[in-house]
Amino acid sequence: MSKAWWKQAVVYQIYPRSFMDSNQDGIGDLGGIRAKLHYLHQLGVDVLWLCPIYESPNDDNGYDISDYQAILREFGTMEEFDALLHDAHALGLKIMMDLVVNHTSDEHPWFQNARSSRTNAYRDYYIWRDRPNDWTSVFTGSAWEFEEQTAQYFLHLFSKKQPDLNWENPDVRREVYNLMRFWLDKGIDGFRMDVINLISKALKSDNAAGSFKGSGVSEEYYVNGPRIHEFLREMNHEVLAHYDIMTVGETPGVNPAEALLYTGTDRRELNMIFQFDHVELDSGPHGKWDLVPWSLSDLKQVMTMWQDGLYNRGWNSLYLNNHDQPRMVSRFGDDTNYRVESAKMLATFLHMLQGTPYIYQGEEIGMTNVAFESIEAYKDLETLNMWNEQVVQGNADANQVLQAVYAKGRDNARTPMQWDDSPHGGFTTGEPWIAVNSNYTEINVEKATANPDSIFYYYQRLIQLRKQYDVITDGRYELILESHEEIYAYLRTLESETLLVVCNFYEGSPEFQLPESISSHFQGESELLISNYAVDDAADINNFKLRPYESRVYCLKKE
């Protein structure tokens with residue numbers, strides 16, 4: 001099996017605005033990241049994924065880019081980026097950048113030119129129509145915005161300040177490939193590609209409102225669109241294949257069969273993709289703000305489908321939270337009574353699967369969701385748009401909507417990193433751009449690194465195990481105890497080596513029993529590799545009682 005470096009890597013995602021502020025203006029920056037490289041090296045991660053650091057008006061916190069080859073002034077300078085890249089590489093840390101090319105900012109020079117006249121050379125860089133259809137934006141409202149100067153509508157699947165690029169235009173694609181080469185030639189080590197499977201739209205070329213496809217949200221017309229694989233193969237041929245890098249595509253709305261088209265070893269497109277099935281388990285029929293309980297049986301079904309579906313043919317990305325998702329210990333664990341135990345259990349569950357694990361900043365110390373008292377404390381565009389549509393316009397009860405924000409709002413992940421118990425968690429001595437979670441005095445890096453039994457050192461050990469055991473990277477996954485309502489258990493097998501992973505997802509004390517069909521093959525010694533509770537060396541691996549949120553990983557040896 002291929003030993004591509006990115007298969008054995010562990011990625012740490014940094015949200016620069018919230019990571020560390022080096023100049024005390026309340027906004028995280030490149031100098032702050034550079035100052036914490038030794039901390040990240042101590043943790044043991046291999047790749048740092050930086051959310052967008054490009055010049056941007058910040059309508060959507062940097063995902064609206066006005067200059068792809070300049071650094072946002074709030075974050076620093078290109079010289080500071082070069083220094084960060086140099087220092088990271090000196091420590092053996094790779095840097096992966098965010099590539100946001102489904103759309104630009106409306107303040108990008110391309111769009112400023114495009115909106116000036118229907119005959120401008122940049123007009124066809126974007127998607128224009130005389131009349132809109134009924135497509136809706138991901139951020140609520142119509143996906144079309146009227147431009148008065150030229151009396152046409154432009155498409156924006158996200159904010160109206162994020163006009164979608166027209167990938168049908170070969171000039172657009174050439175521009176994108178050039179900007180990718182700019183960063184790769186600097187020496188960066190890969191790209192995370194924002195909503196990359198939305199770049200091909202099923203739109204007809206004429207302007208009659210009813211003559212091109214569209215109905216409601218209309219995801220079927222722009223998710224995994226008609227030319228998406230052609231575009232990505234071209235990108236690979238023109239750019240990606242010429243560098244030893246890792247690529248991961250954010251691809252909402254894909255199933256394992258579609259994922260193989262993006263990541264298959266013979267496809268020459270991307271290394272891996274982010275799927276969303278497991279983080280949509282608590283979303284009701286009306287979307288993410290429609291809260292429903294998630295079930296362990298559904299989680300088993302989804303994760304097993306992806307583990308089996310991509311085995312030996314594609315590659316999985318492993319994550320439970322990121323900059324767009326709530327904190328995993330608050331969502332899938334117990335952030336009140338068993339925060340440490342459930343954070344360790346969830347990490348065990350994820351890091352023992354096949355794929356490349358992604359750690360989101362603060363996850364390694366068990367940072368939690370935040371519940372600000374007032375909507376005024378929130379900064380996220382998606383959250384505020386939803387609040388305006390539901391509460392301000394009188395469509396929903398404010399308290400009920402606030403509960404949804406507490407559970408699912410993107411600002412849960414965007415509160416500043418908690419470094420110590422000084423004011424603002426040591427993130428800044430200024431006024432932070434968004435408030436720090438009030439639990440920073442108890443949950444912070446300083447406390448975590450001073451405690452040998454902390455979540456931080458548990459993550460460090462998980463990362464070390466991935467380097468030590470090929471079975472974690474290459475082994476086959478097999479779900480066991482499929483119908484158990486509290487325990488998620490699975491095997492990882494490579495040749496004569498098998499790992500047994502047992503995770504209690506709840507606060508009860510269920511009894512684990514290894515099926516006879518499996519235990520009969522492993523009568524030799526077993527080794528406990530990691531656990532989040534103290535375990536007696538003489539414990540019987542075939543039958544044991546689990547404590548709340550307990551997890552264990554055994555290496556089983558055949559006689």
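Student: Which residues line the largest cavity?
Tutor: Its lining is formed by Tyr 15, Pro 16, Arg 17, Cys 51, Pro 52, Asn 58, Asn 61, Gly 62, Tyr 63 and Phe 75. A cavity is a set of points, on a 1 Å grid over the protein atoms alone, where a 1.4 Å probe fits but cannot get out, and lining residues have an atom within 4 Å of a point. This is a predicted model, in which local features need pLDDT of at least 70 and side-chain atom pairs count only at pLDDT 80 or more, while totals for chains, interfaces and linings use all residues. Residues are numbered from 1 along each chain as its sequence is written, and side-chain values use heavy atoms, with hydrogens and water left out.

Student: How much space lies in the largest cavity?
Tutor: About 60 Å³, where a volume is the space filled by probe spheres set on the points, which are joined across faces, edges and corners. The structure holds four cavities of 30 Å³ or more.

Student: Back to Cys 51: buried or exposed?
Tutor: Cys 51 has a relative accessible area of 2% and is therefore buried (buried is under 20%, exposed over 50%, partly exposed in between, with a 1.4 Å probe and protein chains only).

Student: New topic. Where is Gln 361?
Tutor: Gln 361 belongs to the loop between strand S15 (356-360) and helix H13 (381-392). Helices (H or I, at least four residues) and strands (E, at least two) are DSSP runs, numbered from the N terminus.

Student: And what is Gln 361 in contact with?
Tutor: Beyond its neighbours within four places in sequence, Gln 361 contacts Tyr 12, Gln 13, Ile 14, Tyr 15, Ser 18, Phe 19, Arg 327 and Met 417 (contact means heavy atoms within 4.5 Å). Gln 361 is buried, its relative accessible area being 0%.

Student: What about Thr 348, what does that touch?
Tutor: Thr 348 sits in helix H12 (residues 339-351) and counts as buried at 0% relative accessibility. Setting aside residues up to four places away in sequence, Thr 348 touches Tyr 458, Leu 462, Tyr 490, Val 501, Ser 551 and Val 553. Between Thr 348 and Val 501 there are 8.0 Å from C-alpha to C-alpha, although the two are 153 residues apart in sequence.

Student: Which residues of helix H14 are buried?
Tutor: In H14 (residues 398-408), they are Val 401, Leu 402, Ala 404, Val 405, Tyr 406 and Lys 408. Their cover includes strand S12 (283-284), strand S13 (287-291), helix H11 (328-331) and H13.

Student: What is the phi of Ala 151?
Tutor: Near 55°, a positive value in a residue other than glycine. Most residues other than glycine have a negative phi. Ala 151 lies in the loop between strand S7 (144-147) and strand S8 (152-155), and is partly exposed at 38% relative accessible area.

Student: And the phi of Asn 224?
Tutor: For Asn 224 phi is also near 55°, again positive in a residue other than glycine. Asn 224 is in the loop between strand S9 (190-193) and helix H8 (228-238).

Note on methods: 1 Å grid on protein atoms, 1.4 Å probe; cavity = no way out; pocket = protein on both sides within 12 Å on 5 of 7 lines; lining within 4 Å.
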